[in-house]
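I opened this notebook to record what I looked up in the structure, chain by chain. The entries follow the order in which I worked.

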Amino acid sequence: MARAWQRPSPWPHPWMGPAAWTLGLAFLAWNVVSLDVDPARVARGLGRLGTVLARAVPPDFSRTGLIASGVIESIEIATLSTVLGVLLGIPVAVLAARNVVALPVYAGGRGVVTLGRTLHELILAIIIVKAVGFGPLAGVLTLTVGAVASFAKLLAEQIETIDRGPIEAIRATGASRGAVLIYGVLPQVLPRIIGLSIYQWDVHLRHSTIIGIVGAGGIGATLYNAFARYDYDFALAILIIIVAIVLVGEGVSAAARAKVQ
Amino acid sequence: MGDTAVGARVWRRYSPAQTAARWSAELALAVVTALMLWHVGVRWEYLADAPAQVGDLLGRMLPPEWAFAGSLLHPLAQTINIATLGTAGAIVLSLPIAFFAALNTTPGRVAYALARVVIVVSRSVDTLIWALVFIIVVGPGSLAGTLAVAMRSIGFLAKLFAEGIEEIDRGQVEAVTATGASRLATLLYGIVPQVKPVFLGVSIYRWDINIRESTVLGLVGAGGIGFTLNDAILGLEWARVGLIILVVLAVVLLSEAVSALARRRVT
Amino acid sequence: MLEVSGLEKTYPTGDHALRGVSFTVEGRDAVFVIGPSGAGKSTLLRCVNRLVEPDRGVVRLDGLDVTALDTRALRAARRRMGMIFQEFNLVERLTVMENVLSGRLGYVGLWPAWRRRFPPDDVEAAYRTLARVGLEGFENKRADELSGGQRQRVGIARALVQRPQILLVDEPTSSLDPRTSETVMALITGLAAEDGIPALVNIHDVPLARAFARRIIGLAAGRIVFDGPPAMLDEPALEKIYGARLHEANA
């Protein structure tokens with residue numbers, strides 16, 4: 001007598017929902033099974049956890065010189081690669097904006113952008129360290145490559161969303177191509193360029209903490225060495241410093257972007 | 001008014017003071033950049049040599065050693081395992097943190113502050129650095145990698161989940177509360193339907209980022225294809241390095257495409 | 001019977017919304033509360049089911065002191081009061097049926113609620129209520145696919161399926177066009193009368209209140225300044241509620 005009700009399935013066929021769940025769970029199960037965990041090693045490590053913690057606490061901030069030079073190098077790498085990345089990224093962004101260039105050029109621009117973003121910074125760093133040697137220069141170049149691609153991608157998206165109205169209005173006054181660029185496009189894009197650059201700097205500050213692992217300079221190298229020498233109290237100090245710089249960087253970046261927009 | 005030559009008004013976009021400020025800001029940036037360039041110590045002869053070096057390297061990497069592809073299957077599977085399990089673990093752990101870290105669902109100030117600290121620490125430390133930490137605890141291998149991926153992702157997910165929770169429409173929750181439903185029932189009917197698409201989208205997005213992160217974990221000994229890459233580099237097997245890089249490119253691009261497709265489906 | 005006495009509320013912002021409001025709703029009357037925005041209408045309604053916690057005063061529903069209840073008992077009391085909202089407040093991503101059934105959430109366990117397995121009687125009641133509000137066959141539509149009038153009908157069904165002892169109705173027509181407003185208002189008062197329950201209705205539209213009310217309460221700056229049948233709502237009374245401005249606007 002009482003009517004029943006069932007929630008309509010979001011799938012085109014009712015069997016698809018359970019099937020998707022089963023597949024997903026099976027995939028996860030396969031992940032767990034094939035993780036290759038050595039329980040004995042894990043047990044030993046967990047047993048040693050107390051010792052490791054005891055050696056790490058309190059953190060050792062006494063080697064200020066090493067920490068300071070690492071931090072400064074990280075900031076330099078982040079800043080230089082951002083400046084270079086932005087300068088080189090602007091033309092790439094124009095080439096990767098669908099509403100500015102012809103389709104074949106756009107395809108090429110998008111290709112460069114996609115490839116540059118796909119490889120992890122660390123892999124890029126390895127290749128660049130081979131090319132220019134150890135040190136912060138390798139770090140700057142690595143992050144610049146990444147910056148060109150990711151900055152160009154973000155900026156291209158911004159260019160694609162600019163308002164056509166003002167451009168049309170300025171073109172209607174009979175202005176030249178250059179004038180249209182200066183009065184119609186630039187005012188719309190410039191604040192976004194500045195905002196994106198600051199954001200990039202913030203991202204690079206994070207990345208500059210790891211590329212030292214493969215010898216590309218920055219605080220990461222100091223940290224890696226501390227781990228390698230079982231200097232856990234020094235390592236903890238560096239970790240705290242990294243969290244602090246990233247936080248400060250994020251704060252500076254947020255404040256600067258708020259001021260620009 | 002009669003003397004037009006003198007009386008013609010001058011218009012400037014910026015006042016002289018503003019112009020000075022803009023110019024000095026730009027000048028300061030240029031000076032800082034120059035100082036940093038000098039301090040970093042660019043060795044120009046190395047830089048000049050770089051294109052030749054890269055060319056040489058590419059020459060050794062290409063053509064890639066296709067025969068080695070078979071040995072990449074296992075490390076590749078491991079890379080995907082690490083990313084997927086790490087993401088899954090992080091999703092489970094970040095859900096309660098997100099509810100604590102959202103202003104409209106947090107149970108109290110202490111919980112809010114704690115959740116925010118967890119988010120900040122998790123996010124500020126790169127996956128690779130987390131890997132270094134976990135290697136100390138559980139030893140080298142994919143478990144350390146999985147834990148590192150999870151640890152880094154918790155902050156990312158919890159932060160974006162919390163933003164999703166803060167954006168919900170209060171009215172829908174109020175209406176369910178007004179029916180006399182319990183706290184948990186209100187969560188299920190008033191909040192979950194609103195945040196579900198955001199949660200799914202963000203999780204899938206993080207999975208795709210984690211695939212990329214997992215490709216390098218092996219460089220510090222935390223499992224996956226990076227391990228094989230490291231071996232090949234140390235053994236100067238450049239043709240293998242070339243192949244591995246190509247495979248990594250393909251996997252990352254593929255996961256990005258899958259992620260984009262899946263995200264379009266859920267929102 | 002709903003008895004409200006000495007209700008006061010000041011928000012943390014310092015906004016003194018209610019300054020001692022007392023009245024009684026008896027039998028199956030529909031009582032309409034009018035007043036300018038900011039007069040405290042919405043706060044008053046929400047103090048009845050304690051979506052807003054009053055600072056002072058007592059609310060009694062059929063003799064039960066709602067203001068004295070602990071969380072658990074308050075939830076039980078809320079189940080006996082159906083609420084209808086200005087912005088409909090449907091859970092947009094859920095189906096019509098799920099929205100209506102959420103009126104029964106207080107009576108089912110968490111697991112069945114999660115699985116959407118409500119008792120057959122509740123499902124049957126939901127179907128019937130949907131038919132009563134004129135939405136037969138809409139059960140599997142998602143709430144965000146509906147028009148404003150249809151959404152408010154779902155909101156009404158959600159409140160009615162609670163089998164409430166009173167309806168609390170907050171500006172039910174402010175988000176609707178004039179024609180739909182009248183239909184929706186007729187539906188609310190009609191269904192409340194059919195079920196023999198009183199309704200406390202906030203409304204800003206004075207002509208609409210006159211058309212449907214047997215009793216009107218005028219609220220101004222947190223105080224009751226008028227209480228009587230629509231016939232008594234003359235120019236001086238309106239001026240007392242809205243100040244001189246409405247007078248000019250109508251002139």
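**Chain B, contacts and overall form**

I began with contacts in chain B (heavy atoms within 4.5 Å), and among those between residues at least 6 apart in sequence, 74% join residues at least 24 apart. I note here that this is a predicted model, in which local features need pLDDT of at least 70 and side-chain atom pairs count only at pLDDT 80 or more, while totals for chains, interfaces and linings use all residues. Residues are numbered from 1 along each chain as its sequence is written, chains are lettered from A and ligands numbered from 1 in the order in which they are written, and side-chain values use heavy atoms, with hydrogens and water left out.

I then looked up the secondary structure, taking helices (H or I, at least four residues) and strands (E, at least two) as DSSP runs numbered from the N terminus. Chain B has eleven helices and zero strands. Its radius of gyration, taken over C-alpha atoms, is 27 Å, well over the 18 Å that the globule rule gives for 267 residues, so chain B is more spread out than a compact globule; the rule itself is 2.2 Å times the number of residues to the power 0.38. Along the principal axes, the C-alpha trace of chain B spans about 90 × 75 × 35 Å.

For burial I used relative accessible area, with buried meaning under 20%, exposed over 50% and partly exposed in between (1.4 Å probe, protein chains only). Buried residues make up 49% of the 267 residues in chain B. Chain B exposes about 13,100 Å², and carbon and sulfur atoms supply 69% of this area; accessible areas come from the Shrake-Rupley method with a 1.4 Å probe, and for residues only the protein chains shown count as cover.

For charges, Lys and Arg count as positive and Asp and Glu as negative, with His and the chain ends not counted, and each charge is placed at NZ of Lys, CZ of Arg, CG of Asp or CD of Glu. In chain B the mean positions of the 20 positive and 17 negative charges are 9 Å apart.

**Chain B, two loops**

Which residues of chain B does a cis peptide bond join? I found Leu62(B) and Pro63(B), with omega about -5°, and Pro63(B) lies in the loop between helix 3 (44-61) and helix 4 (73-101) of chain B. In the loop between helix 10 (225-234) and helix 11 (238-266) of chain B I found Leu236(B), which has a positive phi of about 55° although it is not a glycine. Leu236(B) is exposed, with a relative accessible area of 58%.

**Chain C, overall form**

Chain C has ten helices and ten strands. A compact globule of 251 residues would have a radius of gyration near 18 Å, and the 18 Å of chain C agrees with that. Its C-alpha trace spans about 55 × 40 × 35 Å along the principal axes, and 53% of the 251 residues count as buried. The accessible surface comes to about 10,700 Å², of which 48% belongs to carbon and sulfur atoms. Chain C has 33 positive and 32 negative side chains, with the centres of the two sets 5 Å apart.

**Chain C, the open sheet**

Two strands pair if DSSP finds at least two bridges between them. In chain C, four strands form an open sheet in the order 2-1-4-5, with antiparallel pairing. Its edge strands are strand 2 (16-25) and strand 5 (64-65), each of which pairs on one side only.

Strand 1 (residues 2-10) and strand 4 (residues 56-61) of chain C pair over five bridges, and Glu3(C) has Arg60(C) as its bridge partner in strand 4. Strand 1 and strand 2 of chain C pair over seven bridges, and the bridge partner of Glu8(C) in strand 2 is Arg19(C). These two strands form a hairpin with five residues between them, and Gly14(C) in the turn has a positive phi of about 95°.

**Chain C, two buried loop residues**

Phe88(C), in the loop between strand 6 (81-84) and helix 3 (96-101) of chain C, has a positive phi of about 65° although it is not a glycine. Phe88(C) is buried, with a relative accessible area of 9%. Thr173(C), in the loop between strand 7 (166-170) and helix 7 (178-195) of chain C, is buried with a relative accessible area of 4%. Not counting residues up to four places away in sequence, Thr173(C) touches Ser181(C), Val184(C), Met185(C), Ile203(C) and Leu208(C).
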